[in-house]
Amino acid sequence: MNLSQQRAAFMTILRKEILRFMRIWVQTVLPAGIIMTLYFVIFGKLIGSQLADIQGLSYMDYIVPGIIIMAIMNNSYANVVSSFYSAKFQRHVEEMLVSPMPSYLIVAGYVAGGIARGCVVGLVVTAVAMFFTDLQVYDWAVALLVVFLTSLLFALGGFINAVYANSFDDISIVPTFVLTPLTYLGGVFYSIDLLPSFWQNASLGNPILYMVNAFRYGMTGVSDVEPRVAFAIIIGFVVVLYAFAILLLRRGTGIRS
Amino acid sequence: MATALSIHELKKTYASGVEALKGVDLEVSEGDFFALLGPNGAGKSTTIGIVCGLVNKTAGEVRIFGHDIDRQRELAKSFIGLVPQEFNFNQFEPVEEIVINQAGYYGISRRAVLARVQELLEQLGLWDKRREMARELSGGQKRRLMIARALVHRPRLLILDEPTAGVDIEVRRFMWDYLREINGQGTTIILTTHYLEEAESLCRHIAIIDHGRTIESTAMKDLLLKLHRETFVLDTRERLPRDIAIPGFTARRVDDTTLEVEVERSRSINNMFAELERQGIHVISMRNKSNRLEELFLGLIEAGKA
């Protein structure tokens, strides 16, 4: 396929993916808005108003970036894992497998769809957050780059999960038992400075901590980790997961017998 | 004439250990209408799956218009359109979108394909249904949708895996006419079917696969010549005598006005009519007792078991 054909193929998947999640926005976009509103009300307003500032920020201001990036992570992942697994389950993934599209384009199209949903949900949650606090952005470039790389990383994770999944149960195991605990322990609601030194060190092994803090840095200028280290770790994960996703697709793991 | 599909010593062993293909060889010429037959589990769908990139082969070589599917995978795939055995489109997408998206996967932009999509949906009687969700279509409409989807990028080789399974006779006849038409326009067609009269009526060449091997691959005409004997069923105007006999033929009285006659290929059928005429019996209609290809097919499969 030449470049213009590849562009047409990529845009086909991306368009299809955006239409899919927008068509069912009540299931894909609205829940994040409602859940995150509850976080803002309960943790930010009710409990947060009783807590001392963290690193010079009110508790509400401290948790807003974490909640936004958490919504982006969850939705980027959920979009790709559910969409690609459905394509496998209904077998319409075969429409792409019989075509001359190279594997990297299929991965890129689905991942771009995941990024798109992550960004739409991120915007919704950001809009909700503006009802609770006066949002400022400390460094636009850092904030936007973290949003892009984090949603890319989680979309790739969702793709790999979908490739291995053999049932609808399999697409909820990783989010429930791995991602949710890591996200909650990844500094969304607290600074690791508050933890005993052993748990501080243990938290540094959690990759989500770097994404949350890098985004918090972009929004507020405050972070528990060095932003450059955070970027190196996120990019490292993206490269590894992307290569792995392509390898799986080329081998036909979970797709071709 | 160029070779559209060339398969040499194709083998497939599934992870379960099942040896689905033990050495399939096929040559399909460009422009041909080719039947790929075999009993259930013979390896037809596995062969098609490998050709189309849905199944990984274990060994062997596949070339599509001379392009090896291992070394020139993208180019080779660009020539093929596949109508699979089972519905494999997104049931929750509108008909038109399914066809447009398929073109997109072949690198054809939305704007460039709209006219082609309209042409195909009109030809296949789906234009009025274009905005309906695929799940709302009838079985025959879904089959036609899969044909439209397979043809949208103008493939040079169209592969249909039991395209008329479960459709009524009207839709089947429509599909036969349509396939003849696109074959006439130059598209090479490979068809698998369990309706042997369909294969006999449409196809010029035939291959039979059994137990993962090609057991016959020849011109349809040559294969039918191998049939040494045919059984005809005759309906007569007059009541047949109980002890009817036709010298030189094996005749069996079925009921008062129905007669079955076995005719050796070496004998002229005119002799049979002449003898019946002599006995004052007039034939008002005549048909084959069973499909000729069916008889040969069963004979070859039985020979394979022996």
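1. Chain B is divided into domain 1 (3–224) and domain 2 (226–305), with bounds that come from an automatic or database domain assignment. The centres of domain 1 of chain B and domain 2 of chain B, taken over C-alpha atoms, are separated by 37 Å. This is a predicted model, in which local features need pLDDT of at least 70 and side-chain atom pairs count only at pLDDT 80 or more, while totals for chains, interfaces and linings use all residues. Residues are numbered from 1 along each chain as its sequence is written, and chains are lettered from A and ligands numbered from 1 in the order in which they are written.

2. Between the domains, 13 residues of domain 1 of chain B are in contact with eleven residues of domain 2 of chain B; two residues are in contact if their C-beta atoms, placed from the backbone, lie within 7 Å. On the side of domain 1 of chain B that touches domain 2 of chain B, at least two residues each are supplied by α7 (196–202), β9 (205–210), β10 (213–219) and α8 (220–225) of chain B. Helices (H or I, at least four residues) and strands (E, at least two) are DSSP runs, numbered from the N terminus. The largest share of this side, four residues, is that of α7(B). By class, this side of domain 1 of chain B holds eight nonpolar, one polar and four charged residues. Ala, Val, Leu, Ile, Met, Phe, Trp, Tyr, Cys and Pro count as nonpolar, Asp, Glu, Lys and Arg as charged, and the others, Gly among them, as polar.

3. Chain B as a whole contains ten helices and 14 strands. The C-alpha trace of chain B spans about 70 × 45 × 40 Å along its principal axes. Of its 306 residues, 41% count as buried, that is, with 20 or more other C-beta atoms within 10 Å of their own, C-beta atoms being placed from the backbone. Among contacts in chain B between residues at least 6 apart in sequence, 68% join residues at least 24 apart.

4. The contact between the chains takes 22 residues from chain A and 24 residues from chain B. On the side of chain B that touches chain A, the elements giving two or more residues are α2 (73–78), β6 (80–83) and α3 (95–105) of chain B. The largest share of that side, four residues, comes from α3(B). Its classes are eleven nonpolar, eleven polar and two charged residues.

5. In chain A, helix α4 (residues 59–89) has 31 residues and reaches 44 Å from its first C-alpha to its last, close to the 45 Å expected at 1.5 Å a residue; the expected span is 1.5 Å times one less than the number of residues. Because 28 of its 31 residues are buried, α4(A) is largely enclosed by the rest of the structure. Just after α4(A), R91(A) has a positive phi of about 70°.

6. Helix α4(A) packs against helix α8 (residues 170–184) of chain A at an angle of about 170°, with axes 11 Å apart. Axes are lines fitted to C-alpha atoms, for helices over the stretch in contact, and angles run from 0 to 180 degrees between N-to-C directions. The two helices are therefore roughly antiparallel (an angle over 145 degrees). Residues making the contact include M70(A), Y77(A) and Y85(A) of α4(A) and I171(A) and L179(A) of α8(A). The contact divides into eight nonpolar, two polar and no charged residues.

7. Helix α10 (residues 207–220) of chain A has 14 residues and reaches 20 Å, close to the 20 Å expected. Of these residues, 13 are buried. G221(A), which follows α10(A), has a positive phi near 85°.

Notes:
Buried ≥ 20, exposed ≤ 12 C-beta atoms within 10 Å, placed from the backbone. Parallel < 35°, antiparallel > 145°, perpendicular 65-115°, else oblique.
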